[in-house]
Amino acid sequence: MTAVKRTFDFTAASLLLLFLVPLMIVLALLVRWKLGAPVLFRQERPGLYEKPFYFLKFRTMTGETDRAGNLLPDEQRLTPFGMFLRRYSLDELPQLFNVLKGDLSLVGPRPLLMEYLDLYTDEQRVRHEVKPGITGWAQVNGRNGISWEKKFEYDYWYVKNHSFLIDLKILFMTVYKVFRSEGISQTGHVTVKRFEGAGAKVRGGPS
């Protein structure tokens with residue numbers, strides 16, 4: 001399964017980049033014009049077995065700070081253009097380079113923040129037993145619109161049940177969800193509420 005998945009990831013990401021590079025160049029120029037430099041948001045995230053890697057996205061927020069030099073809240077820095085990129089997942093396109101490098105898979109649990117690692121229960125930590133992905137079972141079942149507890153539940157189910165056919169199903173469902181612009185943010189947040197260590201029970205799998 002691992003060899004087949006890696007071969008599929010590399011081949012699919014290469015073909016997608018072949019067709020999408022012109023679009024990505026245009027998006028990069030628009031990000032530079034509307035939001036300034038840097039064009040790419042680059043952040044360390046935990047990958048397979050919690051090994052850190054640098055996660056890439058197109059920038060969607062300004063770098064505005066308060067008088068003390070602290071970044072303003074997300075809702076004040078997320079522009080209409082940035083929201084457009086997020087709505088149609090265009091900000092995620094640079095992650096195809098992460099896939100080519102082998103840090104990401106096309107399908108797997110989304111890589112979260114390094115600072116969350118100390119907050120996981122043993123069951124939540126299971127999500128790192130497979131390579132993280134651009135899309136995943138949690139993303140096609142609610143994305144940012146569901147609770148953290150439900151996300152971990154879906155991630156746990158995926159780790160225990162993933163297969164090539166399930167990955168294909170998730171990829172097809174992702175295309176549908178992107179065009180419908182579903183689950184972009186949690187209620188009351190422009191993106192998603194920070195994880196604070198809910199200690200969710202995830203044994204049962206998704207309902």
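The model is a predicted one, so to speak of local features takes a pLDDT of at least 70, side-chain atom pairs count only at pLDDT 80 or more, and totals for chains, interfaces and linings use all residues. Residues are numbered from 1 along each chain as its sequence is written, and side-chain values use heavy atoms, with hydrogens and water left out.

Tyr116 sits in the loop between strand 3 and strand 4; helices (H or I, at least four residues) and strands (E, at least two) are DSSP runs, numbered from the N terminus. Setting aside residues up to four places away in sequence, Tyr116 touches Trp148, Arg194 and Phe195, where contact means heavy atoms within 4.5 Å. Arg45 is 71 residues from Tyr116 in sequence, yet the two C-alpha atoms are 9.9 Å apart in space. Leu119 is found in the loop between strand 3 and strand 4 as well, but with 36% relative accessibility it counts as partly exposed. Beyond the residues up to four places away in sequence, Leu119 touches Gln124, Phe195, Glu196 and Gly197.

Read from the N terminus on, the elements run α-β-β-α-α-α-β-β-α-α. Of the 207 residues in the chain, 47% are buried. Among contacts with a separation of 6 or more, 72% come from residues 24 or more positions apart.

Helix 6 covers residues 164-180, 17 residues in all, and reaches 25 Å from its first C-alpha to its last, close to the 24 Å expected at 1.5 Å a residue; the expected span is 1.5 Å times one less than the number of residues. Ile166, Asp167, Ile170, Thr174 and Val178 are the buried residues named in helix 6. Seen down the axis of helix 6, the buried residues fall within an arc of 105 degrees, so they line one face of the helix; the arc is that of the directions from the helix axis to the C-beta atoms. As a rule, an α-helix has 3.6 residues a turn, so residues three or four places apart point the same way. On the other side of helix 6, Leu165, Phe172 and Phe179 are exposed. The buried residues of helix 6 pack against helix 1 (2-35), helix 3 (80-87), strand 3 (105-107), strand 4 (133-135) and helix 5 (148-161).

Helix 5 has 14 residues and reaches 20 Å from its first C-alpha to its last, close to the 20 Å expected at 1.5 Å a residue. Its buried residues include Trp148, Phe152, Tyr156 and Val159. Helix 1, strand 3 and helix 6 are among the elements that cover the buried residues of helix 5. Trp148 also turns up among the residues that Tyr116 touches.

Most residues other than glycine have a negative phi, and most peptide bonds are trans. The peptide bond from Ala37 to Pro38, however, is cis, with omega near -5 degrees, and Pro38 is found in the loop between helix 1 and strand 1 (40-46). Glu50 is not a glycine but has a positive phi, near 70 degrees. Glu50 lies in the loop between strand 1 and strand 2 (52-58) and counts as partly exposed at 25% relative accessibility. Ser89, not a glycine either, has a positive phi of about 55 degrees. Ser89 is found in the loop between helix 3 and helix 4 (95-101), and at 16% relative accessibility it counts as buried.

Asp103 belongs to the loop between helix 4 and strand 3 and counts as buried at 18% relative accessibility. Leaving aside neighbours within four places in sequence, Asp103 is in contact with Phe53, Asn98, Lys131 and Pro132.

Terms used: Buried < 20%, exposed > 50% of the residue type's maximum accessible area, 1.4 Å probe, protein only.
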